[in-house]
Amino acid sequence: GLLQGITEFLPVSSSGHLAVVQHFFNLEDIPLIFDICLHVATLFAVLLFFRNTIFELIAAFIRMIIRKPLPDDKPKQMMIFSIIVATVITGLIGVFFSGYVKNLSIKFVCAGFIITGLLLILATFIDKKNKNAETTPKKPLTIMNGVWCGLAQGLGTLPGISRSGSTISGALLSGIDRQTAGEYSFLLSIPAILGAFLLELRDLDKLLTVVPISSLALGCICAFVSGLGALFLLMKLIKHGKLGFFAIYLIPLGIIGLFLF
């Protein structure tokens, strides 16, 4: 739970780290839904952290439905549409890869760490090319931003490739400013995690026969608390454009893993 919470929001791939730990401790019989339950626990951290933004988006959506929008609702509406587009694209990719994810080797996970590190370096390089990143007015989100972020998040469904790292990188590369990229990435995680949970819900009875309810509860609590702390940390790092630092950890980790496993 601690590992999931810390690595879920930091761009280092929580699913990849869980896979490595399960492999190291020979826990191959743990069903995928256990990992997803830990993801759901960290989802509550997102809901708490971004509660004001979420309430504003819900209110804007309701006003749009009843055709009583406010003058400043347009950016919120575009964010909603962009999230929907990105979620559909991610969902299609996730369904396509769902049958393959369970059978991927630990070496693939280690290669994913390297890919994530390279993505973070590329995104940091592109972001720093804009010398006025902190003073440039924020651009409203577009449907194309949703397409690019949906593709990036779909890539992040593979173990070893960070969901937050790939979506934040995709957002930065598509022209979204740093602060909005971080916020948008975590808002995107809400339907993504819920969708993954629903897809694996049929295995919930199997989970409870393998993992004691006390262990599941403790893992989820630890994931929520540590995830909330990691989220505060990452948003500060995003603001200062420091995501590339994680590549210093990920790339050597991936290379060592390729030789070790």
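Reader: Let me start with one residue. Is phenylalanine 50 buried or exposed?
Author: Please keep in mind that this is a predicted model. Phenylalanine 50 has a relative accessible area of 5%, and it is therefore buried, as the limit for that term is under 20%.

Reader: And which ring does phenylalanine 50 stack with?
Author: Phenylalanine 50 is stacked with phenylalanine 186, because the two planes are at 25 degrees and the ring centres are 6.1 Å apart. This pair links distant parts of the chain, 136 residues apart. Phenylalanine 50 is in the loop between α3 (32–49) and α4 (51–65), while phenylalanine 186 belongs to helix α9 (residues 178–200).

Reader: Why does one describe a ring pair with two values?
Author: A pair of aromatic rings is described by how far apart the centres are and by the angle of the planes.

Reader: How many aromatic pairs are there?
Author: There are four aromatic pairs in the structure. One of them joins phenylalanine 49 and phenylalanine 50, and this pair is edge-to-face, with 4.8 Å centre to centre and 75 degrees between the planes. Phenylalanine 49 is partly exposed, at a relative accessible area of 23%.

Reader: Which residues do the ring pairs link into a cluster?
Author: The cluster consists of Phe9, Phe49, Phe50, Phe186 and Phe232.

Reader: What else does phenylalanine 186 have in contact?
Author: If neighbours within four places in sequence are left aside, phenylalanine 186 is in contact with Phe9, Val46, Phe50, Arg163, Ser164, Leu231, Leu234 and Met235.

Reader: Now the largest nonpolar core. Which members touch the most others?
Author: The largest nonpolar core has 43 residues, and those touching the most other members are Phe9, Phe50, Tyr184, Phe186, Leu187 and Leu234. At least two residues of this core come from each of α3, α4, α5 (74–101), α6, α8, α9 and α11 (213–239). Helix α9 gives the most, with seven residues. Another core, of nine residues, lies apart from this one, and its members include Ile33, Phe34, Leu216 and Ala223.

Reader: You mentioned α8. Why is helix α8 described as largely enclosed?
Author: Helix α8 (residues 163–173) is largely enclosed by the rest of the structure because ten of its eleven residues are buried. Among these buried residues are Arg163, Ser164, Ile168 and Leu172.

Reader: What follows α8?
Author: Glycine 175 comes after α8, and its phi is positive, near 100 degrees.

Reader: Changing topic: how many cavities of 30 Å³ or more are there?
Author: The structure holds one such cavity. The space in the largest cavity is about 70 Å³.

Reader: Which residues line the largest cavity?
Author: The lining is made of Ala123, Thr124, Asp127, Leu172, Arg178, Ile238, Gly241, Lys242 and Leu243. Helix α6 (residues 106–129) contributes the largest share of this lining, three residues. By type, the lining has four nonpolar, two polar and three charged residues.

How values were computed. Residues numbered from 1 in each chain as written. Predicted model: local features only at pLDDT ≥ 70, side-chain atom pairs only at ≥ 80, totals over all residues. Heavy atoms only, no water. 1 Å grid on protein atoms, 1.4 Å probe; cavity = no way out; pocket = protein on both sides within 12 Å on 5 of 7 lines; lining within 4 Å. Points joined across faces, edges and corners; volume = space filled by probe spheres on them. Helix = DSSP H or I, 4+ residues; strand = E, 2+ residues; numbered from the N terminus. Nonpolar A, V, L, I, M, F, W, Y, C, P; charged D, E, K, R; others polar. Buried < 20%, exposed > 50% of the residue type's maximum accessible area, 1.4 Å probe, protein only. Phe/Tyr/Trp six-rings, centres within 6.5 Å; stacked < 30°, edge-to-face > 60°. Core = buried A, V, L, I, M, F, W, Y, C linked by side-chain atoms within 4.5 Å. Contact = heavy atoms within 4.5 Å.
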